[in-house]
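Welcome to this guided tour! Keep your viewer open, have the selection tool ready, and follow along one stop at a time.

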Amino acid sequence: MGTHDLRRENEALRERYFTLNAAILRINASLDPDAVFGEVVAGARQLTGAGYCVVTTIDETGAHRGAVFEGFTAEERRDLYAWPDREQLFKYLLDLPGSLRVADLAEYIRTLDLEPPSGISLSVAFQGAPMHHRGEHLGHFFLGKKVSGETFTAEDEEVLTLFASQAAAAVANARVHRSARRARSRLEALVETSPVGVVVFGAPTGRLVSVNRAARRIAEKLGLSGPPTEQLLEVISYRRNGGREVSLSELPIAELLANGVSVRAEEIQLAVPDGQKVRTLVNSTVIRNSGGTVESVVVTLQDLAPLDEIERMRTEFLGLVSHELRAPLTYIKGAAVTLLEEGGALETAERHEFFRIIDEQADRMRGLLSDLLDAGSIGAGTLRVSPEPVDVSELVEPARRAFLSGGGRHAIVVHLPAGLPLVMADRNRIVQVLGNLVANAARHAPESTPIRIAVAREEAHVAVSVSDEGRGMAPDQLQNLFRKRAGDGEGALGGHGLGLVICKGLVEAHGGRIRADSAGPGCGMTVTFTIPAAHEPAVTAPRPVSAPPPSAAGPDGPSRILVVDDDARTLRFVRDALSRAGYTPLMTGATEQLPDIIRSEKPQLVVLDLLLPGRDGIELLAQVPELSDQPVIFSSAYGRDETIARALEAGAADYIVKPFSPTELVARVRTALRRYAKPQPFVVGELSIDSERRRVALGGRAVKLTTTEYELLRLLSLHAGRVVTHETLLRRVWAKRANPHLNVVRFFVRSLRRKLGDSAARPKYILTERGVGYRMPEAVEV
């Protein structure tokens with residue numbers, strides 16, 4: 001070989017290694033696995049001059065995870081995927097211990113007793129090389145059809161082997177980086193969603209590095225939602241048990257970090273200058289590097305307010321138990337002492353009376369203990385009811401008989417109108433509710449006055465009320481009537497005890513509500529509860545156990561329920577409850593994706609958490625137009641009357657207070673779906689509104705309405721019999737218009753009245769409630 005040939009060969013070799021180094025640099029320039037594989041494929045083709053390139057990948061478990069194809073036309077790729085022996089060939093090649101180089105791939109395939117594909121010619125040069133990194137098999141290179149038309153050479157095989165080694169290292173590094181990034185993301189998500197506040201300080205400066213959601217909520221309780229987190233240290237002061245109050249700005253945090261001081265389960269009170277305080281349980285952990293130097297300090301803060309509330313409830317419950325059991329024990333003790341000390345001197349009738357007192361009070365204690373167990377089940381959310389279709393009279397009559405046979409001296413007046421639907425009720429439990437309410441009324445009303453039980457239809461529910469003519473109660477105390485509180489005889493709550501607390505839990509477990517009304521002291525009281533109406537005949541055929549309940553299935557299969565909550569445990573609990581009831585739950589915690597989810601999934605109902613990260617559920621209901629097309633049930637731990645009223649006024653179908661049982665959740669979902677089921681034509685006088693066909697007719701003649709006019713009329717008809725406020729109309733009909741004025745409502749109402757032949761002076765269809773809004777009369781069932 002001459003000098004010229006050697007020089008040319010050296011140049012070619014130098015160029016090949018320059019190309020190899022450049023390719024190696026490119027595959028190591030990124031830690032994204034997809035980008036790395038893209039560069040690996042491009043580099044392998046460039047280094048060997050291959051027309052075809054396939055790179056297969058194998059994950060950490062040794063399973064094949066797909067392949068990257070380059071250089072094939074769309075038709076060639078389809079033919080290759082349709083080739084029956086493709087998987088068998090790839091499995092054979094992947095099991096080869098080293099490189100493979102053949103001049104004709106098709107002939108090689110035939111030697112394996114396989115038939116080459118018909119749509120793509122594989123009579124091309126071929127070479128393959130494995131990717132190994134530290135003894136781990138990460139994938140394989142398969143190259144074919146050299147662009148020059150030549151076969152692959154030993155030099156090609158050598159370069160590909162070197163490149164495969166470097167590619168394997170790059171792939172391994174990218175996978176490690178991806179795993180570390182995922183682990184970090186999971187850890188960050190875990191810390192961010194932790195119910196305990198987490199604050200990280202960096203060393204050696206003491207700079208505030210991160211603050212999680214729970215810690216920010218503690219700051220918000222101190223009224224510090226406005227300042228940046230870096231400024232919190234300047235305004236917060238703290239006080240340890242028995243110590244003086246110290247400002248965090250005066251605390252040498254950098255010095256504490258350098259000394260690696262740790263805190264274990266210490267109560268510390270945080271405060272701000274305006275007087276706001278939060279009592280917390282604080283722990284701190286020092287993070288050191290391999291050299292022992294402090295890198296950071298992780299501080300956890302647990303708000304003790306919930307624990308204080310639990311302790312308050314425990315003390316209150318113990319007081320309630322003590323109060324309820326004290327009276328019968330006093331009677332039993334007194335009767336027993338009298339019989340023991342003076343039994344011989346008593347007449348037979350007198351002794352019998354004392355024995356009767358003991359027996360009666362023992363029965364009362366047994367009833368109280370049963371009530372306590374029910375109250376505990378209600379508080380724990382484990383109360384179970386088994387609703388079935390039942391006639392209301394079959395609930396009222398047993399309660400009336402039990403009261404009278406138990407010595408009740410009040411007259412019971414029952415009003416049961418004709419045509420009432422069946423109700424979904426657990427017979428024993430609702431009879432228990434009625435018995436408690438009647439007994440409660442009897443305790444607080446003169447014997448000469450009657451106790452009235454009345455039943456009425458309320459949309460998708462049946463309302464049962466128990467009224468007395470007793471002492472009544474101040475309206476501002478009614479909200480405490482159904483809470484567990486320790487009374488003192490005829491004290492603030494008039495000695496109502498546990499009975500009404502249990503009534504509330506039992507009614508809500510059925511998906512109903514309970515309320516009390518009184519005009520004031522001396523005006524008597526009415527307690528009303530609702531239970532869902534059943535749209536089933538009195539005698540129902542037995543259903544297979546595996547079949548979902550009829551109310552869970554719509555015309556297109558099980559009803560789809562969208563659940564929006566940022567708490568993973570709540571999502572799992574609601575998902576399991578709805579799935580067992582035959583519904584199809586859709587779960588999300590991302591409020592920003594709500595419009596897309598609703599448009600794509602088309603749920604029949606939405607269960608929406610009232611307090612979402614950075615979002616108020618009621619504001620969300622007003623801001624997301626897609627939410628107005630299906631019923632929304634709010635869920636929240638806040639059970640204040642004003643919060644519930646605000647949610648319902650915003651357009652919510654219902655409101656459920658956490659914690660709730662699966663039975664109550666399913667009952668409320670079932671009731672809301674029934675109420676918002678496929679609408680029947682709305683008919684008032686000569687006016688009919690067919691929402692399914694978006695058709696409005698007056699006396700059988702179609703009325704042409706604009707889109708806005710129709711939406712306004714439809715909204716009023718959906719709330720027929722109730723006033724729809726101006727604010728609600730503006731929010732629901734003109735949601736997409738910026739700052740709509742009240743005059744726009746008046747203009748469209750005038751236009752609607754004109755088209756319906758209605759008069760503002762004597763309206764038949766759209767009635768004005770001055771200063772409030774508009775309403776339509778209730779529809780006539782068709």
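Start by selecting residues 773-775, which are strand β35, together with β33: the two pair in the antiparallel sense over two bridges. Two strands count as paired here if DSSP finds at least two bridges between them. Helices (H or I, at least four residues) and strands (E, at least two) are DSSP runs, numbered from the N terminus. Strands of a sheet pair through backbone hydrogen bonds, either parallel or antiparallel.

Before moving on, know what you are looking at: this is a predicted model, in which local features need pLDDT of at least 70, side-chain atom pairs count only at pLDDT 80 or more, and totals for chains, interfaces and linings use all residues. Residues are numbered from 1 along each chain as its sequence is written, and side-chain values use heavy atoms, with hydrogens and water left out.

Now click on Thr725, and look across to Gly773 in β35, which stands opposite.

**A helix residue and its neighbours**

Select Val733, in helix α21 (residues 726-733). Which residues does Val733 touch, not counting those up to four places away in sequence? They are Thr708, Glu711, Leu712 and Leu715, where contact means heavy atoms within 4.5 Å. Try the distance tool on Val733 and Glu711: they are 22 residues apart in sequence and 6.4 Å apart in space, C-alpha to C-alpha.

**A glutamate to inspect**

Jump to Glu508 in helix α14 (residues 499-509). Is Glu508 buried or exposed? Glu508 counts as buried because its relative accessibility is 13%; buried means under 20% relative accessible area, exposed over 50%, and partly exposed in between (1.4 Å probe, protein chains only). Leaving out residues up to four places away in sequence, Glu508 touches Arg513, Glu664 and Arg668.

**A five-stranded sheet**

Next, show the open antiparallel sheet with the order β2-β1-β5-β4-β3. Here β2 (64-70) and β3 (100-102) are the edge strands, each pairing on one side only. From one strand to the next, the twist averages 15°. Zoom in on β1 and β2, which pair in the antiparallel sense over five bridges, and find Val54 opposite Phe69 in β2. Helix α4 packs on this sheet, touching β1, β2, β3, β4 and β5, and its direction makes about 120° with that of β5.

**The largest cavity**

Lining residues have an atom within 4 Å of a cavity point; on a 1 Å grid over the protein atoms alone, a cavity is a set of points where a 1.4 Å probe fits but cannot get out. About 200 Å³ of space lies in this cavity.

**Zoom out**

Finally, show everything: the protein has 22 helices and 35 strands, and buried residues make up 43% of its 782 residues.

Key:
On a 1 Å grid over the protein atoms alone, a cavity is a set of points where a 1.4 Å probe fits but cannot get out, and a pocket is an open set with protein on both sides within 12 Å along at least five of seven lines; lining residues have an atom within 4 Å of a point. Grid points are joined across faces, edges and corners, and a volume is the space filled by probe spheres set on the points. Axes are lines fitted to C-alpha atoms, for helices over the stretch in contact, and angles run from 0 to 180 degrees between N-to-C directions.
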